[in-house]
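Reader: I would like to learn how to read a few features of a model. Could we go through them together, one at a time?

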Amino acid sequence: MVKPTRITNSVRDLRAAHGDMTQAELARRIGVTRQTVIAIEQGRYSPSLEVAFQIARVFGVGLDQAFTYPEVGEH
């Protein structure tokens, strides 16, 4: 069983805020599969740093607006 990542993200909200961009369109723009976008959104997969930056760039936001990692001691 795969352990969920502690990294959370706003990818679904960012897609909605950008004209209801589809998962397939985001995947195409960053060079991954739609299944990868789904897994990232569901917190089942942490993207590489490169993919995380690409996602943030597509939406014109900072990395910390697209992804968050809890401080030590937060759950």
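Author: Gladly! Let us start with R15, which lies in helix α1 (residues 11-17); helices (H or I, at least four residues) and strands (E, at least two) are DSSP runs, numbered from the N terminus. This is a predicted model, where local features need pLDDT of at least 70 and side-chain atom pairs count only at pLDDT 80 or more, while totals for chains, interfaces and linings use all residues. Residues are numbered from 1 along each chain as its sequence is written, and side-chain values use heavy atoms, with hydrogens and water left out.

Reader: Is R15 buried or exposed?

Author: Buried means under 20% relative accessible area, exposed over 50%, and partly exposed in between (1.4 Å probe, protein chains only). R15 has a relative accessible area of 12%, so R15 is buried.

Reader: What does the side chain of R15 join in a polar contact?

Author: A polar contact is a pair of N or O atoms within 3.5 Å; within protein, one must be able to donate a hydrogen and the other to accept it, and residues adjacent in sequence count only if both atoms are side-chain atoms. Here the side chain of R15 pairs with that of E41 at 2.5 Å. The side chain of Q23 also makes a polar contact with the E41 side chain, at 2.9 Å. Q23 sits in helix α2 (residues 23-30) and is buried because its relative accessibility is 16%.

Reader: How do the axes of α2 and helix α4 cross?

Author: Axes are lines fitted to C-alpha atoms, for helices over the stretch in contact, and angles run from 0 to 180 degrees between N-to-C directions. The axes of α2 and α4 (residues 49-59) come within 10 Å and cross at roughly 115°. Contact means heavy atoms within 4.5 Å, and L26, R29 and I30 of α2 meet V51, Q54, I55, V58 and F59 of α4.

Reader: Which residues of α4 are buried?

Author: They are V51, A52, I55, A56, V58 and F59. The arc is that of the directions from the helix axis to the C-beta atoms. These residues cover an arc of only 160° around the axis, so they lie on the same side of α4. L49, E50 and R57 are exposed on the other side of α4.

Reader: What covers the buried residues of α4?

Author: The cover includes α1, α2, α3 (34-41), α5 (63-66) and β2 (67-68). After α4 comes G60, with a positive phi near 70°.
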